[in-house]
Amino acid sequence: PFSLTTYMDMTVTFDHVPQRVIAANTNAADQLYAMGLQDKIIGVCYKNSTINPEYQEMYDAAPVIAQKAATLEQLVEAEPDFVYGRSSAFSEKNGTTHDKLTSYGIASLSSIEGYTEDALRAVLAGEKEHTPRRKKAQATRKKDALLIDIEAKLQVGKGVGYERWAK
């Protein structure tokens, strides 16, 4: 067995080589097909980009688990033992966080160094530790700027619309 840490600092432990894999999005499917794992893929989700033409026929033949990001119910119903995809595929909104999937006996993995084939092979073979990317902090609006805008509006006075309404 070997363990990896997800981008949300969750530990994912593999005690066997996955046999029933879901590609959570097109990029993930590309990588899995490139590694010759088409016989392990039981379904694909979220066709959000163009598949490599080399794998198009296999991709089209795979069952579609979800048109967009899969929900927990969709994944559990498909009975995978492993889900691989971009970090956006594992969300609180859909109930598909790594921790939640693990509680159902489903291993999951996301955001491995830009999905390079060599990096993914090394991590899955236990030769390299997974170093997840961190989520980018969202820019926040400065509260002071908002207060200044309100104060400026108050100083300008009431507009023509107010004048008409007040009559």
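## Strands and how they pair

Two strands count as paired if DSSP finds at least two bridges between them. Strands (E, at least two residues) and helices (H or I, at least four) are DSSP runs, numbered from the N terminus. Strand E4 (residues 41-45) and E5 pair in the parallel sense over 2 bridges; Ala66 in E5 is the bridge partner of Cys45.

You are looking at a predicted model, where local features need pLDDT of at least 70, side-chain atom pairs count only at pLDDT 80 or more, and totals for chains, interfaces and linings use all residues. Residues are numbered from 1 along each chain as its sequence is written, and side-chain values use heavy atoms, leaving out hydrogens and water.

## The sheet and its helix

The pair E4 and E5 belongs to an open sheet of 5 strands, with the order E5-E4-E3-E6-E7 and parallel pairing. At its edges lie strand E5 (64-66) and strand E7 (107-110), each pairing on one side only.

Helix H1 (residues 26-34) packs on this sheet and touches strand E3 (21-23), E4 and strand E6 (82-85). Here, contact means heavy atoms within 4.5 Å.

## The whole chain

Altogether, the protein chain has 7 helices and 7 strands. Of its 167 residues, 38% are buried, meaning under 20% relative accessible area with a 1.4 Å probe, counting protein chains only.

Which residues have a relative accessibility of 3% and 1%? Phe82 has 3% and Tyr84 has 1%, so each counts as buried.

Terms used. Buried means under 20% relative accessible area, exposed over 50%, partly exposed in between (1.4 Å probe, protein chains only). Axes are lines fitted to C-alpha atoms, for helices over the stretch in contact, and angles run from 0 to 180 degrees between N-to-C directions.
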